[in-house]
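Please open the model in your viewer and keep the selection panel at hand.

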Amino acid sequence: MRRGGCELATESKGTRSPVEVRQALAGMSDIDYVRLSKAAKYFAPGTSFAADDLIQEAIRRLLDGSRNWPTDVQLTTFLSNVMKSIVWADRRQSKSRPLIVPIESTGPFGQRNNVDASVQHSSAEEVVLIEGESDERINEVLRLFEDDEDASMVLMGLSDEMSAQEIRDELGLDSTSYNTIRRRIRRKANKAIEEGRLNGK
Amino acid sequence: MASSNENTRNQWAQIANELADDLASTTDEELLLELKDDGVDISAEATRIRNLISGVIAEHGKEKLAAARSEMDLRNRQEQDLGIQITQEIRSKLTEYIKAGDSTITGALTIAARNGAELSEEDLDEVIHALFDLGKIDEHGNLL
């Protein structure tokens, strides 16, 4: 059963060679591309990157060898991890930078978000929200699950930067139950992202 | 102490990590059903991302080629700098060596030239380069 990756004719030990990388990139399926797009939309909010920029940067780092793709990891999983590390580094650099989100956001009560200025990065139109509205996106996610107590509790735990294990322990959830709730959160978040409510691009 | 914005970023990062982990654990078949259920135009989105990635690959290829050309140009310049700068004075010296039938020189000449045919300036320059590369003359045209 294929899970988030493509198959190669040959595999070498350690990390993939440049030839294998090019072969794999050329062999990506439609599902692989969409999987990548989804991951980027999860990671991009709150960073200086638009989702498409994240994908491009991850591919760039794979091609130029600054990130090596292990042979035992699927391509899309690897690229997702690269995007995760890119945004982690971006967050470290942005500690004093105001929150940046794409332009189409309006507040949950229909009000327009005030903006100070447009900011730097690449292809997406991005604006800076004034500081008072910086929690809006998290609140938007929590509102999605107002009638789902289990999901609300898990999200609160994540918002408090608890690990998945800590949350499971705190709520008395086994892995299967936790994963079921997590899947439910992702499905609902997907819809919000596609509708632009969570500002994923 | 972390600012409000930093906290928000960190909070979202935790949620995003979990969403990404769940995505990674979703099989292609499950994801396909999910996308259809969400009304996603899979083909259109895939084409968009494919084109995005193709652009990066093409750009990377151009950058690699440009870097290789720069390296080659630099290497050529370095080789030229080490080469002999042929002056009229050096040509005159070599012409004298040839007239004198110097054994070091005659070995580098074509048969026609050895038989006394006139060498053009271009031919003479080629001989001079060859002799320099062979270590038979120094950069001033003197026999070694």
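Throughout this tour, buried means under 20% relative accessible area, exposed over 50%, and partly exposed in between, with a 1.4 Å probe and protein chains only. This is a predicted model, in which local features need pLDDT of at least 70 and side-chain atom pairs count only at pLDDT 80 or more, while totals for chains, interfaces and linings use all residues. Residues are numbered from 1 along each chain as its sequence is written, chains are lettered from A in the order in which they are written, and side-chain values use heavy atoms, with hydrogens and water left out.

Select Arg187(A) to begin: this residue is partly exposed, with a relative accessible area of 23%. Asp37(B) itself is exposed, at 54% relative accessibility.

Next, select Glu34(B), whose side chain meets that of Arg187(A) at 4.0 Å, N to O, and that of Arg186(A) at 2.8 Å. Here the setting is buried, with Arg186(A) at 0% and Glu34(B) at 3% relative accessibility.

The contact, meaning heavy atoms within 4.5 Å, takes 61 residues from chain A and 47 residues from chain B. About 5300 Å² is buried between the two chains, of which carbon and sulfur atoms give 57%; buried area is the accessible area (1.4 Å probe) that two parts lose on being put together, summed over both. To see where chain A contributes, select Tyr33(A), Arg35(A) and Arg182(A), which supply 12% of the area that chain A buries against chain B, more than any other three residues.

Finally, move to Glu57(A), found in helix α3 of chain A and counted as buried at 17% relative accessibility. Leaving aside neighbours within four places in sequence, Glu57(A) is in contact with Phe49(A) and Ile86(A). Follow Ile86(A) into α4(A), where the buried residues include Ile86(A), Phe78(A) and Asp90(A).

Terms used. Helices (H or I, at least four residues) and strands (E, at least two) are DSSP runs, numbered from the N terminus.
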